[in-house]
Each structure stands twice: as structure tokens, then as C-alpha cells.
Amino acid sequence: MRAKIIGTGSCLPDRCVTNEYLSTIMDTSDEWIKSRTGIRERHLVSSETETTLTLAVKAAKAALADSGVLPEELGLILVATVSSDFITPSTACMVQKELGASHAAAFDINAACSGFLFALNTVDAYFQAGIYQTALIIGVETLSKIIDWKDRSTCVLFGDGAGAVVVKAAEEGLIASLQGSDGSGGDILICKNRTNNNPYISTGTDPDFLYMDGQEVFKFAVKKEPECINALLKQAGFDASDVTYYLLHQANFRIIASIARKLKLPLEKFPSNVSHCGNTSAASIPILLDEVHREGKLSEGDLLLLSGFGAGLTWGAALLRW
Ligand code: UT7
């Protein structure tokens, strides 16, 4: 049995922050951000009632409603995030409590922007092993809390949000997937946790902000993502043109356009929401999937290819039948 997506949901914070607004609080411009990334605006949490947990729960409830699955029917809840509200308990366990999904096992996955794909692959492996039959996967981030708002080269890129899918074990769903990691390249996108602090050693306790070498990440993305997509298509025995839609990690529209060019495919096959969401890391692919689904663009039998890359370094791709 394979993982079949049977419901989607998403949630963006209420506050929409435009490039124009950012240009009034830092040395940047709408023109610079739009031309380098395609981003026009992003949503940021702006009240105590908006947290990683509340965004995740809203997206999860929407996905459950879309699927018709009840919380008690869930066997597994996986949350992909690098910006949970607590180090422990996991966001997945907190979501479980909020939903009353009392029969589920729940844990978080940290694979940065590839996290949703790693979670989908994990669920699929559990289904293939016959361990679970129904799962909820959430990608959620409030990256705005770990971003350095004095670093204009990163803070304009990211947004907050959550996307969720309900997945059932079925004869047909996920067809093939690939995932990979290269820890040796990890220093180009990092965010340190607390450092040593005990009676023997104290090196400071303040957590750090996110640091990114944008150009190196860009080079990594435009090389690794098409390689991963081509390897997956070859493994599954499909041509690039067989795929109905490519739902890629929404980091930068120039990266998406570069991948479309390398695959020799029209941009129409690459739906994008980076212009109004910015980069929402682990949430970007499920938010995009939910938008495309709710806009009525998907028909039963469509072939979807989901792919992304991120800190770690990590990358992944999944080919599935809608
Ligand atoms: O999911 C995580 C994945 N992350 C990514 O995918 C990010 C990948 N990288 C990128 O998308 C691009 O590298 C960026 C959008 C981050 C940067 O674009 P770039 O074309 O590589 O610009 P750059 O870093 O080379 O900066 C060019 C100039 C610099 O000025 P000088 O040194 O040429 O005078 C920067 O200081 O742009 C300046 N700059 C800005 N100017 C206005 C950097 N940030 C800004 C800004 N507004 N926000």
C-alpha cells in the first residue's frame, strides 16, 4: 500500500507584509526584492494567538475536513518544522492534543525546507510496512522569530504559514520518491540552538539567528533540484512532460524558472505562490498544494511531482497520482 493524499489544508497568519512596508523599516526596495526573488508580500505572525501550534492546528483541521477523516482515526501525526514553539514536547504531540487524535503516534521531523517531503516519505514507508493506514502531515514555520531582522539579505525572503495533508494507505498514490542529505555543505544555511550551559561550561545561552549564504544556496538549488527530479522521473519510468504539475519548494521564483528551463517545460506546469507567501520553508509545498487543489486545478489521475531543497543540506522529490 502507498500513501495517497485525500485532503489538504493551509493557514497563513492574518498580517500581510508588503515589500513596500519593509522598505520603510530597512534599506531595501520592492524593485530589489521582486526582481531577485519574485516575492511581493509575505504573511507574518503578529499576535500572541498566532504561533507555530495555532497555524498547524488550523491547517490540520482544514485538511481533516477536506478528507472526511476524524481525528480519532489518525494513526500517525508528523510535523515538519524548524521553528517549533517548544523544544519539547514536539509540535506534533501538541497538535495531537488540540485535535483529540488520541490514537496517533506523533513526532516532528527536522529537514528544513525538505521537511514535508521527508515526512511524506516516512509516512509512505510506514504504510508500505503495513504499520499505519491513516496519517496527518503538517509543514509549519514561524521563521520570523529566528530571522535576523537586521539582515536585509535574509529577512525579506521568508514568511510564516502552515500546510497540511491527510494521507491514507491505498493501492495507488505515491509512485516513487527520492531524498538525500549532504551534511558537509550544512554551513551555508544555519541557525544555532542554545550553547553549552551547565555547572562545568557556559558559553552563552542566547540562541542565534538564521544565517544564509544566499548565493551558495542558490547554486546548490539550481543544480541539485533538477538532478533529483530527473533521477526520480527515470526511476519511475516517466518523461518530464508526463507530469501535470510540478509543485516545487517556493524559495525564489528565479530558482523555479531555472528548473523549468532545465527540464524544457513551460512555466504553466509550475504553479507558484512565492509572490504572496515568500519562503515558508517546510510549509511551502503543502500550502501550494492546498491552493492548487482549492482552486480546482487538480483532477483525479493527475501526475504531481513535489520537490524541494533546504538546510542540512537536504533535498527530495516525490511523484504521486492525485
Ligand atoms: O529555503 C531556503 C533556501 N534559500 C534560498 O533559496 C535562497 C537562495 N538564494 C537567493 O535566492 C539569492 O541568492 C538571494 C535572493 C538571497 C540574493 O540574490 P543575489 O542576486 O544573490 O544578491 P546578492 O546576495 O549577490 O546581493 C546583491 C546586492 C548586494 O549589494 P552589493 O554588494 O552588490 O552592493 C547586497 O548587499 O544586493 C544587496 N542586497 C539588497 N539590496 C536591497 C541584499 N539584500 C538586499 C535587500 N534589498 N533586501
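Ala, Val, Leu, Ile, Met, Phe, Trp, Tyr, Cys and Pro count here as nonpolar, Asp, Glu, Lys and Arg as charged, and the others, Gly among them, as polar. On that basis, the residues of the shell around the ligand divide into eleven nonpolar, eight polar and four charged. The model is predicted, so that local features need pLDDT of at least 70 and side-chain atom pairs count only at pLDDT 80 or more, while totals for chains, interfaces and linings use all residues. Residues are numbered from 1 along each chain as its sequence is written, and side-chain values use heavy atoms, with hydrogens and water left out.

**Shell around the ligand**

- Of the 23 residues around the ligand (a heavy atom within 4 Å), Thr 28, Cys 113, Gln 215, Asn 252 and Asn 279 come nearest.
- Helix H7 gives the most to this shell, with four residues, where helices are DSSP runs (H or I) of at least four residues and strands (E) of at least two, numbered from the N terminus.

- Pairs of N or O atoms within 3.5 Å count as polar contacts, and an oxygen atom of the ligand lies 2.8 Å from a polar side-chain atom of Arg 36.
- A ligand oxygen atom is likewise 2.9 Å from a polar side-chain atom of His 249, and one is 2.7 Å from an N or O atom in the side chain of Asn 252.

**Gln 250**

- Gln 250, in the loop between strand S11 (245-248) and H8, is buried (under 20% relative accessible area, 1.4 Å probe, protein chains only), with a value of 0%.

Conventions:
A polar contact is a pair of N or O atoms within 3.5 Å; within protein, one must be able to donate a hydrogen and the other to accept it, and residues adjacent in sequence count only if both atoms are side-chain atoms. Buried means under 20% relative accessible area, exposed over 50%, partly exposed in between (1.4 Å probe, protein chains only).
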